[in-house]
Amino acid sequence: MAEKRHDLATCSLNFAFTAISGKWKPFIIWYLHDAPDNTCRYGELKRRVPWDISHKMFTQQLQELERDGIITRMEYDEKPLRVEYSLSERGKLLAPVILYMRDWGAMASDRFTDTDLLDRTHGVKDHDILRYGYQSEELEKSVEIVFKY
């Protein structure tokens, strides 16, 4: 029997890491999740990400997230042109993973001594358990992450 070999082109883990790799993508997802209706105009989103990012790099990261179906870009026929970015349903399913990673980083790294980091979690606290989740009726999929700390 022939051994089944995986390559990077068909590896789902590779797709997942490629989709969120890049210095700013997790932050873009985080701040879109945190925005009202998960939607921001370009300038507002760039201001929400609290680091100095070049226009070229920020635009490139947005284009890659759009290409991978994590965010959607909506242009409005107005003067001046109005462009809004929002989390797609696929992006909303990914957001709990980003939220979990943020809280995991707060707990796992001894560099963070700020005790109120978990008080600002976007997970649902239940004693010593954090829950993150999203259900997409459109995609007929859901994600739930449970983290005991």
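**Figure 1. The whole chain, an overview.** Of the 149 residues in this chain, 35% count as buried, where buried means under 20% relative accessible area, exposed means over 50%, and partly exposed lies in between (1.4 Å probe, protein chains only). The model is a predicted one, so local features need pLDDT of at least 70 and side-chain atom pairs count only at pLDDT 80 or more, while totals for chains, interfaces and linings use all residues. Residues are numbered from 1 along each chain as its sequence is written, and side-chain values use heavy atoms, with hydrogens and water left out. There are five helices and six strands to get to know; helices (H or I, at least four residues) and strands (E, at least two) are DSSP runs, numbered from the N terminus. Starting at the N terminus, the elements follow the pattern α-α-β-α-α-β-β-α-β-β-β. Along the principal axes, the C-alpha atoms fill a box of roughly 55 × 50 × 35 Å. The accessible surface is about 10,200 Å², with 52% of that belonging to carbon and sulfur atoms; such areas come from the Shrake-Rupley method with a 1.4 Å probe, and for residues only the protein chains shown count as cover. Among contacts in the chain with a separation of 6 or more, 44% come from residues 24 or more positions apart, a contact being heavy atoms within 4.5 Å.

**Figure 2. The sheet built from β1, β3 and β2.** Here three strands form an open sheet in the order β1-β3-β2, with antiparallel pairing; two strands pair if DSSP finds at least two bridges between them. At the edges are β1 (39-41) and β2 (71-76), each of which pairs on one side only. On average, neighbouring strands of this sheet are turned by 25° against each other, direction ignored. Helix α2 (residues 25-34) packs on the sheet and touches β1, β2 and β3, its direction making about 95° with that of β3. Axes here are lines fitted to C-alpha atoms, for helices over the stretch in contact, and angles run from 0 to 180 degrees between N-to-C directions.

**Figure 3. A closer look at β3 and its partners.** Six of the six residues of β3 are buried, so this strand is largely enclosed by the rest of the structure. Arg 82, Glu 84 and Ser 86 point one way from β3, while Val 83, Tyr 85 and Leu 87 point the other way. Six bridges join β2 to β3 (residues 82-87) in the antiparallel sense, and the two strands form a hairpin with five residues between them. You can follow the pairing residue by residue: Ile 71 stands opposite Leu 87, and Met 74 has Glu 84 as its bridge partner. On the β1 side, three bridges make the antiparallel pairing with β3, and Thr 39 stands opposite Ser 86.

**Figure 4. Helix α4 and the residues it buries.** With 13 residues (55-67), helix α4 reaches 18 Å from its first C-alpha to its last, close to the 18 Å expected at 1.5 Å a residue; the expected span is 1.5 Å times one less than the number of residues. Phe 58, Thr 59, Gln 61, Leu 62, Glu 64 and Leu 65 are buried in α4. The buried residues of this helix pack against α1 (12-20), α2, α3 (42-48), β2 and β3. Just after α4, look for Gly 69, which takes a positive phi of about 75°.

**Figure 5. The sheet built from β4, β5 and β6.** This open sheet of three strands has the order β4-β5-β6, again with antiparallel pairing. Its edge strands are β4 (124-126) and β6 (141-148), and each pairs on one side only. Neighbouring strands are turned by 20° against each other on average, direction ignored. Eight bridges join β5 to β6, and Ser 136 stands opposite Lys 141 in β6. Helix α5 lies across β5 and β6, running at about 170° to β5.

Figure 6. Ile 129 sits in strand β5 (residues 129-136) and counts as partly exposed because its relative accessibility is 22%. Ile 129 and Lys 148 are 19 residues apart in sequence, yet 4.4 Å apart in space, C-alpha to C-alpha. Leaving out residues up to four places away in sequence, Ile 129 touches Val 124, Val 146, Phe 147, Lys 148 and Tyr 149. Asp 103, in helix α5 (residues 89-108), counts as buried because its relative accessibility is 0%.
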